Amino acid sequence: MLPRLIPVRETVLAAAILLLLILVASRFSGFVAPANLVNVFNDTAPLIILALGQMVVIMTRCIDLSVAANLALTGMVVAMINVAMPDLPIPVILAIAVLLGSVMGAINGMLVWKLAIPPIVVTLGTMTIFRGIIFLISDGKWVNSHEMSAAFTGFPRAVVLGLPMMSWVAIAAVALFGVMMARTPLGRSIIAVGGNPHAAVYTGINVGKTQFIAFLLSGALAGLTGYLWVARYAVAYVDIAGGFELEVVAACVIGGISIAGGIGSVGGAVLGALFLGVVKNAMPVVNISPFWQLAISGSAILIAVAFNVRAGRSKGRIILKRAEAPS
Amino acid sequence: MNERLALAHSPVVSMDAITKTFPGVKALDQVRLDLYPGEVTALVGENGAGKSTTVKVLTGIYRPDAGTIRIDGKPVTLSTPNDASNAGITAIHQETVLFDELSVAENIFIGHAPRTRLGLIDRAEMHSAAQQLLDEIGAPLNTHTLLRDLGIANKHLVALARALSVDARVVIMDEPTAALSHKEIEELYALVETLKTQGKAILFISHKFDEIFRIADRYTVFRDGAFVEDGLVTDIDEDGLVKMMVGRSVDQIFPPRQHKIAEDVFEVEAYEHPTEFADISFSLRRGEILGFYGLVGAGRSELMQSLFGITRPSGGACRINGTPCVIRSPADAVANGIVYVPEDRGKQGAIIGLPIFQNITLPSLGRTSRSGFLKIAEEFKLAREYSTRLDLRAASLDQDVGSLSGGNQQKVVIAKWLATQPQVIILDEPTKGIDIGSKAAVHAFMAELAAEGLSIIMVSSEIPEVIGMSDRVIVMRDGRIAAEISGRDLHPETLVRHAAGITTTPQLQEA
């Protein structure tokens, strides 16, 4: 049996993360203490959750630039709901967040599916609109921690079995998406649509609808993260998670998800996010300037893409041979 | 006339013993072709005769393996399209290769625009030169118009002006009328006359006999990559030309077929589409192979895509086993037991990112999953069953589809469809571009499927395949059914006649 491409890529990435941890540990052993690693993971949880949604979108040959704005808008809305109705139970808040995020994702999805507008344009537009709406509903004011209820801010930090809820939510999302990609017809459709949209059509798969569902999922996760983010940092304002969408896309690219669609895995998205999380958390403790942190993240993206291009090249050779044959 | 022919005794371009081989296929086998100044030479042949390859050799896209090309009697090497262009050879393709977002003048002069002393493009000079070229060919176009605002006929005029701007001596026209209206075709003929009077040598490739006899002075016939005959058009008639095109030795053996007549499985009535086809009615019987023959662009694939729900017809009805069926999407078609194996495997067939077994089970996931979750073991079972039946050569079903040969990829696509247990299978050019061995396997398998009671629609442009495999053949021309032929009437010449729209039918009964 030939080794499959994706596990190879994941192994390389896992090794890179491990190497990074060893390097950091050699300078500051406290970083790899279990308690600190838990913190790093918890810190990376929002990135992991969003990367899962972005992965699905990218695999269907789209991109969702509105995730961070969706997160911020949902966060603001649930924060304001909490201020208005402090007794609303957390499960209801969670449901509202997911629902609101899904609606925003569905708007993206409908524009891509029914109007066939390029996804980058759609989500660039909705990104700006969502941020604008936050300003409109909040008048540009902050919702601060003292206005939020204790239950609201407590949920993501509540520790269950040694891990904060924030981390558990990320783990649950990873498990859910893992099963979805590997064991459901939807997961298969997502790979098929990105891998060969023409062939997918002939197989009876509705390409536009699959892309719509991908945006819906991405939006739902962004909404969920919106609540977790606002509650964890106990503040909501217009610019939270500004520019975070690019970090999410970067995590996917580093994780080996092909920007051309069709190739990618849940494991890759998680590892890509963890890599960025480790870089971000480790650099300050070993006294490396923020500039290096950015440079390392950027280099990782380029290396990952170069790796992908190299992996894709053997395919190109086959196509060329066929193209050379007379018509 | 005589004067001109006397002048034309030495060809501008002469191809001699040109051979071009691709892995497994001899596309051109020692062909010769002469083009004379001020004359139109029609290159005639079936699909796969080597016409396109010839054009590519002449325009420097392919390098021949053997043989010589002479220009004005001197041997030349055309290694790149630039060489060909410098030698004065230019081609106008079926789909014009121009730039939609540039103006007419920019398209004409792209790559060799007149420059100012500073090295910038001299726009005034470019537009006036373009205008002059357009006037020469009588094209009423504004040089500032963007190309995308022009119709296909006018795009041809621009392509032609471009050809003249590099001082072309040889103009290759590859099916230039394929997408033109009658009026536009007349204008093109006038243009060809103009080019002739300017002493250009014209190579005219066309499937349409009326065109060939209308404007060509000479003909050259290729068959299966080999030269058959050439001569003056005045010395030949349509019948003779058809005979030269199809008169081949049968080197392919087709599997024996039992021609059982059974009940109608799939009936199509008055299917029509606003732009692609009209008046399509036919029925398909159980265990039958129904061939669809026609020239490229006759609307066969378009009809099949509509039957499969990819495009929607504007009218008509279909019935499966006597029950009316509504097909609005490919999913509906699959649900009704109709599947479609498309022509372009790379683009429409296998999904390269998925392993073999997942490719095979993709349309059958409903059957391999329980309460919404896929059972990988079930998938393997289904995939193994059909890959064994199709004699798929693969190390493992978990292997990437992209690592398989073209023939084996084709088998994966067919296995995928058979796994849905269809009643009607539409095969669009099932053996195009695959090697002889795989071809025979596909043919044998088609015969086997038909014997098992599956009904097959086979779209094919290869006459031996159509005749060797089909129980009945429907010939399409210009989006309509031109003829339905079966039994003893199934002859290469009959097919070509109906496909090309030759109305006279002398001595057909004798054949």
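A:Ala234 is partly exposed, because 18 other C-beta atoms lie within 10 Å of its own, and this residue sits in the loop between α10 and α11 (244-254) of chain A. The model is a predicted one, and the points below treat the two chains in turn. Chain A has 13 helices and two strands, whereas the secondary structure of chain B comes to 18 helices and 22 strands.

**Chain A: overall form**

- The secondary structure of chain A is made up of 13 helices together with two strands, and its radius of gyration of 20 Å is close to the 20 Å that the globule rule gives for 327 residues, so chain A is as compact as a globular protein of that length.
- Taken along the principal axes, the C-alpha trace of chain A spans about 75 × 55 × 35 Å, and buried residues account for 48% of its 327 residues.
- Of the contacts in chain A between residues at least 6 apart in sequence, 79% join residues that are at least 24 apart.

**Chain A: helix packing**

- Helix α2 (residues 34-59) of chain A packs against helix α12 (residues 266-285) of chain A at an angle of about 140°, the two axes being 8 Å apart, and the crossing of α2(A) and α12(A) is right-handed.
- On the α2(A) side this contact includes A:Val40, A:Leu47, A:Ile48 and A:Met55, among others, while on the α12(A) side the residues include A:Val266, A:Ala269, A:Leu274 and A:Asn281.
- By residue class, the contact of α2(A) with α12(A) consists of 13 nonpolar residues, four polar ones and one that is charged.
- Helix α4 (residues 90-114) of chain A and helix α10 (residues 207-233) of chain A pack at an angle of about 150°, with a separation of 6 Å between their axes, and α4(A) passes α10(A) in a right-handed crossing.
- The residues in the contact of α4(A) with α10(A) divide into 19 nonpolar, 11 polar and one charged.

**Positive phi values in both chains**

- Most residues other than glycine have a negative phi.
- A:Ala234, which is not a glycine, has a positive phi near 50°, and its place is in the loop between α10 and α11 (244-254) of chain A.
- In chain B, B:Gln30 likewise has a positive phi near 50° in a residue other than glycine, although B:Gln30 is found within strand β2 (residues 25-35) of chain B.
- B:Gln30 counts as partly exposed because it has 14 C-beta neighbours inside 10 Å.

**Chain B: overall form and domains**

- For the 511 residues of chain B, a compact globule would have a radius of gyration near 24 Å, and the 26 Å of chain B agrees with that value.
- The C-alpha atoms of chain B fill a box of roughly 75 × 65 × 45 Å along the principal axes, and 47% of the 511 residues are buried.
- Among contacts in chain B with a separation of 6 or more, 68% are between residues 24 or more positions apart.
- The domain assignment divides chain B into domain 1 (2-88 + 169-246), domain 2 (98-167), domain 3 (250-337 + 422-499) and domain 4 (343-421), and the C-alpha centres of domain 3 of chain B and domain 4 of chain B lie 24 Å apart.

- The C-alpha atoms of B:His156 and B:Pro255, which are 99 residues apart along the chain, are separated by 45 Å.
- B:Glu343 has its place in the loop between β16 (338-341) and α12 (345-349) of chain B, and with 20 C-beta neighbours inside 10 Å it counts as buried, the cut-off being 20 or more.
- Leaving aside neighbours within four places in sequence, B:Glu343 is in contact with B:Ser301, B:Asp428, B:Glu429 and B:Lys432.

Notes
Residues are numbered from 1 along each chain as its sequence is written. Chains are lettered from A and ligands numbered from 1 in the order in which they are written. This is a predicted model: local features need pLDDT of at least 70, side-chain atom pairs count only at pLDDT 80 or more; totals for chains, interfaces and linings use all residues. Axes are lines fitted to C-alpha atoms, for helices over the stretch in contact, and angles run from 0 to 180 degrees between N-to-C directions. Helices (H or I, at least four residues) and strands (E, at least two) are DSSP runs, numbered from the N terminus. A crossing is left-handed if the near helix is turned anticlockwise from the far one by less than a right angle, and right-handed if clockwise. Two residues are in contact if their C-beta atoms, placed from the backbone, lie within 7 Å. Ala, Val, Leu, Ile, Met, Phe, Trp, Tyr, Cys and Pro count as nonpolar, Asp, Glu, Lys and Arg as charged, and the others, Gly among them, as polar. Domain bounds come from an automatic or database domain assignment. The radius of gyration is taken over C-alpha atoms; the globule rule is 2.2 Å times the number of residues to the power 0.38. A residue is buried if 20 or more other C-beta atoms lie within 10 Å of its own, exposed if 12 or fewer, and partly exposed in between; C-beta atoms are placed from the backbone.
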